Amino acid sequence: MKLNNEQKKFATDLNGIHLVHAGPGTGKTETIKERYLEIIRRGLAMPSEILLATFTNNAAETMKQRIINSLSFDEKFKGSSILSEIVNAPICTFHSFCSDLIKNYGFNVPGYLGINEIISDVFTVLEDKTIEYFYFQRFTDTFMQSYKNYEKYFVPYGSKENLLNLIKKLACKGIFPIKKHGKRLWFGEGLKNLTGNFELFKTKLARAYLKNGSSSPVKKMTGYYNSHCYYEDLELFSIVKGASLNEKMVEKAFFETRDELFSFIHTLYWNYIKFLLSRNLMNFEFMVLFSYVLLLNNHKLRKDFQFEFIMIDEFQDTNEMQFKISMLLSKNGNLCAIGDWKQGIYSFRFATIDNILNFRERISPVSYTHLRAHETSLHLVCRLLLE
């Protein structure tokens, strides 16, 4: 396949930060392959120094095989060790990268959360959501017996599955619980993020009303809505059948004290992580979360694992944690994100389309042009993003 001018530009302009919009039929796979090969041909990095991340094993294997096939016919690399190195190169999914990282270096990561468990190098990943839900039901049955004071909080969520999804969504957003000296705490600005921004919330709520016409954008809560019950101390919206929310109601709900609610979420969340670890189990969300915690706290390991070049395919499918891990792994700011905002196919895995729609704003609070022109240290950018 012969590349057109735009594709050639992408394949040869290697330094700095790039966001590439590539929809179906645009020759994306071939162009990414050529960009990878160009880095190798110029001697800018070895295969072990290039991270090419995607979201399916099939896509990763296809890309690796195309690169190997192309180099096999390149006279420059006949007899060299490059081909054998590419076999083991990090052309992989985010989840497989995180799995290898945790299995090899993450045995004591739970300690950063105040959890007295270790991660075995042979843990089982709960890939099937039905199987995980089965374990979560067992966990919540025991949890409710131990924490009867939180029993009232289970009613409004409608189902245990909703609670599980809440925990997984928080994990993907980098909001997670820690215990320090017996105190329940949230990592970084977790509590601030849970509390929220009222003005931003009002703006989004107003947009939702406009989008949905006269109907309320607030979803009916199973059980809570149908049973017509209302727990005043839950700080949830009092939804009256057939009525819309008014601003005073929204403001009251937003600013009411939610300390006990946050305490419930913290306790449930922290204990569920501990429950899985004690059974040598892990879900995808916690695996990525632990990778982030490991890289953030182990400076030497992070330095050893940083890449000269990073390419992320299907960038619209990344979540908050995957975005931040990408930043932490970049050695010098050579980061290329490829995706199509119209294809957010992994929304059920809590991907955030904002990563691609608001890429320039998210990548750094400093000028995007300045970052491209001067290859500003991405460590500073990471720090600003993660505080």
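This is a predicted model: local features need pLDDT of at least 70, side-chain atom pairs count only at pLDDT 80 or more; totals for chains, interfaces and linings use all residues.
Where does asparagine 319 lie? Asparagine 319 sits in the loop between β8 (309-312) and α14.

## The chain as a whole

The chain has 387 residues, and buried residues make up 47% of them. Its secondary structure comes to 18 helices and nine strands. The accessible surface is about 20000 Å². Carbon and sulfur atoms account for 51% of that surface.

Contacts reach across the sequence. Take those between residues at least 6 apart in sequence: 74% of them join residues at least 24 apart.

## Two nonpolar cores

The largest nonpolar core has 70 residues. Six residues have the most contacts inside this core: Phe264, Tyr269, Tyr272, Met282, Phe286 and Phe290. Helix α11 (residues 259-278) gives the most to the core, with twelve residues. There is also a second, separate core of 25 residues. Among its members are Ala22, Ile40, Ile50 and Met311.

Tyrosine 269 shows how the chain comes together. Set aside its neighbours within four places in sequence. Tyrosine 269 is then in contact with Ile167, Leu170, Ala171, Ile175, Phe176, Pro177, Trp186, Phe286 and Leu289.

Of its 14 residues, 13 are buried, so α12 is largely enclosed by the rest of the structure. Asparagine 283 caps the N-terminal end of α12. A side-chain oxygen of asparagine 283 lies 3.2 Å from the backbone nitrogen of glutamate 285.

Helix α2 (residues 28-41) also has 14 residues. Its C-alpha span, first to last, is 20 Å, close to the 20 Å expected at 1.5 Å a residue. α2 is mostly covered, with twelve of its 14 residues buried. Glycine 43 follows α2, with a positive phi near 70°.

## Aromatic pairs

How many aromatic pairs does a search of the whole structure find? The search finds 26. One of them joins tyrosine 105 and phenylalanine 305. Their ring centres are 5.3 Å apart and their planes lie at 80°, so the pair is edge-to-face. This pair links distant parts of the chain, 200 residues apart. Tyrosine 105 belongs to helix α5 (residues 94-105), and phenylalanine 305 to helix α13 (residues 299-305). Tyrosine 105 is partly exposed, with a relative accessible area of 40%.

Phenylalanine 139 and phenylalanine 143 form a tilted pair, because their planes are at 45°, with ring centres 5.7 Å apart. The two residues are four apart in helix α6 (residues 129-146), so about one helical turn separates them. Phenylalanine 139 is buried, at 5% relative accessibility. Phenylalanine 143 is buried too, with a relative accessible area of 3%.

## Buried asparagines in loops

Back to asparagine 319. It counts as buried, at 5% relative accessibility. Its side chain reaches the backbone nitrogen of methionine 321 at 3.0 Å. Asparagine 319 and alanine 171 are 148 residues apart in sequence, yet 9.9 Å apart in space, C-alpha to C-alpha.

Asparagine 334 is found in the loop between α14 (320-329) and β9 (335-339). Is asparagine 334 buried or exposed? Asparagine 334 is buried, with a relative accessible area of 4%. Its side chain reaches the backbone oxygen of glutamate 308 at 3.4 Å. A polar contact of 3.0 Å also joins the side chains of asparagine 334 and asparagine 332.

Most residues other than glycine have a negative phi. Histidine 181 has a positive phi, near 55°. Histidine 181 lies in the loop between β5 (177-180) and β6 (183-186). At 78% relative accessibility, histidine 181 counts as exposed.

Asparagine 280 is not a glycine either, and has a positive phi of about 60°. Asparagine 280 lies in the loop between α11 and β7 (281-282). At 25% relative accessibility, asparagine 280 counts as partly exposed.

Terms used. Residues are numbered from 1 along each chain as its sequence is written. Side-chain values use heavy atoms; hydrogens and water are left out. A nonpolar core is a set of buried Ala, Val, Leu, Ile, Met, Phe, Trp, Tyr and Cys residues joined through side-chain atoms within 4.5 Å. Buried means under 20% relative accessible area, exposed over 50%, partly exposed in between (1.4 Å probe, protein chains only). Contact means heavy atoms within 4.5 Å. A polar contact is a pair of N or O atoms within 3.5 Å; within protein, one must be able to donate a hydrogen and the other to accept it, and residues adjacent in sequence count only if both atoms are side-chain atoms. Accessible areas come from the Shrake-Rupley method with a 1.4 Å probe; for residues, only the protein chains shown count as cover. The expected span of a helix is 1.5 Å times one less than its number of residues. Rings of Phe, Tyr and Trp (its six-membered ring) pair if their centres lie within 6.5 Å; planes under 30 degrees apart count as stacked, over 60 as edge-to-face and the rest as tilted.
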